[in-house]
Amino acid sequence: MTDTTFIPLPQGAGYAIIVGLGAVFAFGMILTTYLLKRYNKEIITAEEFATAGRSVKSGLISAAVVSSWTWAATLLTSTTQAYKNGIFGSCSYAFGATVQITLFASLAIKAKERAPSARTYLEIVRARYGTVTHIVYIFWGLATNILVTAMLLSGGSATVRDLTGMHPVAACLLIGLSPTVYSVFGGLKATILTDYAHTVIMVVIIIIFAFSTWATNHKLGSPGVVWDLVTKLADTKPVEGNHDGSFLTFNSKSGGIFFVINIVGNFGTVFLDNGYFNKAFAANPVSAYKGYILGSLAWLPIPAFCSLTLGFAALALEHTDYWPLGRPMTSDEVAAGLVLPNAASALLGKGGAVLALIMIYMAVTSAMSSELIAVSTISTYDIYRTYINPNASGKKLIFISHISCAVFAYAMAGFAIGLYYANVSMGFLYELMGIIIGGAVLSSAMTILSAKQNWHAATFTPPIATALAIMAWLVVCKTKFGSITYDNLFEDDSMLTGNVVALLFPLITVPLFTLIFKPQNFNWKLLETRITRVDEEEELMEATKSDNFNDDEKLSPIKSQISVIASQLVEEEREHYTEDQHTLHRAFKRCVFVCLFLTVSLLVIWPMPLYGSKYIFSKKFFTGWVVVFFIWIWYTVFQVIVYPVWEGRHSLFHTGKGIYWDLTGQTYKLREWQNSHPEELHAVQSQVIAQLSNPQIVDGKAVEMNYGNIDDELSDEKK
């Protein structure tokens with residue numbers, strides 16, 4: 001990487017954000033996990049760790065989707081595209097990466113409907129096709145997680161280095177520490193709650209930059225000023241391939257190529273990333289598709305408005321005295337994603353640099369925590385429980401999940417360090433990912449959507465499509481540019497060819513193999529028996545012991561009853577499956593219609609007329625464009641910041657009341673409330689409490705099994 005001539009912040013600022021702020025988030029999530037256990041009686045069982053109780057509401061799902069889909073690349077690459085290709089550069093990223101989340105809503109519905117006990121989509125693959133196909137998709141699933149995490153660490157470490165001078169090796173090693181800690185302690189629920197907190201911070205910072213660029217800052221301060229400065233660049237710094245060299249037109253050759261690459265590559269990083277399935281399985285049935293559709297609409301203005309704001313601020317200020325480098329950026333610096341931090345510094349000085357550093361750190365860690373849980377569930381359920389220890393207890397599976405998080409985090413830190421020394425940029429990885437993983441998108445989706453796809457189509461399509469995509473990438477590079485080098489492989493035509501072959505060639509192989517070797521005609525009901533829940537009797541025993549009983553002697557009389565309750569909980573959940581499946585089935589057609597409408601709107605109806613007309617934005621039209629996204633970002637504020645709080649207002653109220661009782665020495669009121677309102681508590685624990693509190697029939701006699709010695713404890717505390 002090239003050295004910059006100006007570093008706006010001291011190294012200590014980098015360590016303060018990564019270590020200090022990271023420690024605050026880690027401690028906050030550990031505290032949150034404790035509060036949920038104490039006041040909501042949550043038990044971190046193996047299922048809870050992987051699925052967050054399968055009851056997360058649409059507001060939090062939307063916030064989690066927005067946070068997980070806002071990587072370092074979301075902010076850095078979109079801003080780079082706006083800087084390189086103008087107005088279509090920012091929209092090519094936002095429009096091209098929104099449709100995957102929107103379309104995934106349909107896949108999420110079918111996955112929950114057809115495999116209600118699943119924790120990963122790979123379990124569905126194994127249940128349909130067996131071991132060989134399962135191993136094939138484990139490879140592509142983990143490849144997706146590796147590429148995404150490598151981009152997170154590469155982009156994050158480059159930004160930290162640019163803003164603070166902190167060595168990228170130290171940044172790679174430290175960035176993953178905080179998300180590893182809170183992911184290990186709280187599992188998927190901690191990740192989702194942290195996603196919410198990260199989203200709040202990122203959106204607030206984007207709004208600060210927006211107000212500064214378009215309204216208040218004396219350096220720019222209005223869309224008109226920005227339009228004037230950027231319009232002049234068509235003469236002094238014209239964009240090759242843009243109509244009249246303008247930054248203010250959708251008619252951009254390079255922007256159009258990136259649009260296609262972005263669409264192709266991001267299908268893989270959504271449809272093959274188990275992190276998105278984790279959230280789908282965690283969602284309440286009626287919340288799954290709403291969370292993803294509303295989340296995609298809330299996500300769109302984040303890259304669109306952030307890149308429009310900071311990309312155009314960079315174009316307007318790069319040749320002024322405000323620019324922190326004192327010179328234009330080099331191509332290596334642009335490829336590394338350093339447009340955003342430099343624009344932030346130019347706009348708001350050291351304050352802007354701090355905000356940019358915090359924003360990128362939030363993006364990196366929130367997305368990384370999602371990748372950690374994704375890999376831990378694959379390692380635990382698709383590898384360890386399937387091939388190493390099929391009879392593993394829930395306690396053992398949680399241990400494996402913890403180990404998987406830590407090992408993956410620091411294996412990826414080492415990989416990212418290697419990429420740094422090899423001078424492989426985040427931008428290169430972003431365009432490469434579609435070539436490597438795009439070949440498995442269609443066949444993996446058809447595994448959930450189509451009963452006809454057979455074993456041969458599912459098994460052979462990914463390796464064939466990927467091999468042909470890599471070959472096409474290399475052949476175009478060699479024939480068009482003369483030699484296979486890093487720079488030539490990064491050229492638009494090379495990347496475009498490889499990405500398109502990877503995504504589209506399965507359109508030939510999947511129907512061809514299905515036709516030649518005959519359709520499978522799979523019975524979806526088999527998924528309900530082939531994918532089973534974990535036996536949680538051990539965790540329930542431990543939780544009941546720790547919460548309600550002081551020793552094994554008091555626990556022993558109800559051991560057999562706990563075992564019965566554990567079995568009953570599984571059976572009761574199975575009864576709910578049918579009702580949930582009907583709900584999801586009814587929602588599917590409506591979801592497909594909405595998804596297709598939004599997809600056509602974002603990929604055709606909105607951008608294509610502007611592209612084909614070669615229209616160059618006038619000052620009034622550009623001002624209106626900025627206003628539209630300004631309004632849209634406030635919808636994001638409502639959907640992912642305000643609405644989740646409203647949805648969870650009852651739980652927040654009860655938790656706050658419990659904390660107040662504890663702090664004022666009225667713990668007996670907390671116990672009374674928990675004993676009288678088990679339906680308000682966590683699903684598993686509340687049912688255990690309710691059943692232990694009711695008379696049970698043992699050997700034909702009613703035996704009263706109270707909630708520990710709760711009555712004695714309450715009377716003592718009142719005294």
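The lining of the second largest pocket is made up of 17 nonpolar, 13 polar and 11 charged residues (nonpolar: Ala, Val, Leu, Ile, Met, Phe, Trp, Tyr, Cys and Pro; charged: Asp, Glu, Lys and Arg; polar: the others, Gly among them). This is a predicted model, in which local features need pLDDT of at least 70 and side-chain atom pairs pLDDT 80 or more, while totals for chains, interfaces and linings use all residues. Residues are numbered from 1 along each chain as its sequence is written, and side-chain values use heavy atoms, without hydrogens and water.

**Stop 1: the pocket.** Select Lys84, Ser331, Val334, Ala335 and Phe490, which of the 41 lining residues lie nearest the centre of the second largest pocket. A pocket here is an open set of points on a 1 Å grid over the protein atoms alone, where a 1.4 Å probe fits, with protein on both sides within 12 Å along at least five of seven lines; lining residues have an atom within 4 Å of a point. The space in this pocket is about 1100 Å³, a volume being the space filled by probe spheres set on the points, joined across faces, edges and corners.

Next, colour domain 1 (11–423 + 573–647) and domain 2 (452–521): both give residues to the lining, so the pocket lies between them. The domain bounds come from an automatic or database domain assignment.

Stop 2: Select α4, the source of the largest share of the lining, 6 residues. Helices are DSSP runs (H or I, at least four residues), numbered from the N terminus. Axes are lines fitted to C-alpha atoms over the stretch in contact, with angles from 0 to 180 degrees between N-to-C directions.

**Stop 3: α7 and α17.** Select α7 (residues 131–164) and α17 (residues 394–421), packed at about 60° with axes 9 Å apart.

Technical notes
Helix = DSSP H or I, 4+ residues; strand = E, 2+ residues; numbered from the N terminus.
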